[in-house]
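Me: Can you walk me through this one? I'd like to start with the ligand.

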Amino acid sequence: MERNRVALITGAGRGIGRGIALELARIGFKIAGCDILYEPKNTRSGLFEVRGEAAKLGAAFLPIEGDVSNPAEHDRILSAVLAEYGRLDVLVHNAGVAPEVRTDVLQTTPESFDRVMGVNMRGPFFLTQKAVPRLLETAAGDAGVKPAIVFITSISAVVSSTARAEYCLSKAALSMAARIFADRLAESGINVYEVRPGLIQTDMTVPVREKYDALIAAGLVPQKRWGFPEDVGKAVAGLVQGYFPYSTGLILEVSGGMDIRRL
Ligand SMILES: NC(=O)c1ccc[n+]([C@@H]2O[C@H](COP(=O)([O-])OP(=O)(O)OC[C@H]3O[C@@H](n4cnc5c(N)ncnc54)[C@H](O)[C@@H]3O)[C@@H](O)[C@H]2O)c1
């Protein structure tokens, strides 16, 4: 059981980010959840619903309004965590967007390309730069801590989808960002991990629910089911507890076996 360690999770208001926040809350983390959607009066969905669920688990949850794609907001987001808890142990880059419209790669627009890259890759890249000194300060003050950064990429980092090229490109680039930061920070004591979800039931996959239902029934996923946010949350919880101390740069796929090449 973790005690007093603090995790910042981006995009924590719903879906996979919510699942990660609650799994880390369950094992004793104090949580800071950042999201672009911030509605204090809404306790039925979004950050303030997640805060209520975390409270049921006995965990502190700080909701922070923030747009990860905007580097001008990064200092404020991190300072809010430090002001509330006095430390930062774990950063989970989860916030991400799909293209608003699926478009053949021959018609991808510069606007959609920039939007998806801005949230999924450029934002986490620069937020990492700003978070590292805070993670190191926390580690310096406490010999027992195991600081970690987790990048939530996707199987789309390596699987082509011709109707959402900008998404695949953003996740491939984010995967390389994870590798580069793992390399750069290896000696510092901050371990960096990449988690690659497969088909996970969230609001993001609502538009393709029936398409993937049929593909899963036809055998696309060896474990023959959708993934759920808690599947990803448990994987992240496993990584950040310190049981992979000699495995920085690890890529953990959470896809029900989709990475198994099959005949
Ligand atoms: N659902 C899947 O099948 C799947 C598969 C692989 C990877 N992923 C990745 O997992 C992550 C979470 O996906 P999800 O399915 O939970 O999506 P989702 O759309 O259900 O939730 C994403 C959350 O991120 C927030 N967000 C979006 N843009 C933001 C920004 N600029 N700043 C801060 N917060 C922002 C949203 O408000 C929302 O709360 C994404 O990075 C996604 O690419 C999802």
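Me: How far is an oxygen atom of the ligand from an N or O atom in the side chain of Asp35?
Reply: The distance there is 2.6 Å. A polar contact is a pair of N or O atoms within 3.5 Å. Bear in mind that this is a predicted model, where local features need pLDDT of at least 70, side-chain atom pairs count only at pLDDT 80 or more, and totals for chains, interfaces and linings use all residues. Residues are numbered from 1 along each chain as its sequence is written, and side-chain values use heavy atoms, with hydrogens and water left out.

Me: Ok, and which polar backbone atoms does a ligand oxygen sit 2.8 Å from?
Reply: One belongs to Ile16, and another to Asn94.

Me: How much of the ligand does the protein bury?
Reply: 95% of the 830 Å² that the ligand exposes when taken alone. Those areas come from the Shrake-Rupley method with a 1.4 Å probe.

Me: New topic: what's the strand order in the open sheet?
Reply: β3-β2-β1-β4-β5-β6-β7, 7 strands with parallel pairing. Strands are DSSP runs of E, at least two residues, and helices are runs of H or I, at least four, numbered from the N terminus. Two strands pair if DSSP finds at least two bridges between them.

Me: Which ones are the edge strands?
Reply: β3 (61-65) and β7 (251-254), each pairing on one side only.

Me: And how many bridges join β1 to β2?
Reply: 5, between residues 6-10 and residues 30-35. Val6 stands opposite Lys30 in β2.

Terms used: A polar contact is a pair of N or O atoms within 3.5 Å; within protein, one must be able to donate a hydrogen and the other to accept it, and residues adjacent in sequence count only if both atoms are side-chain atoms.
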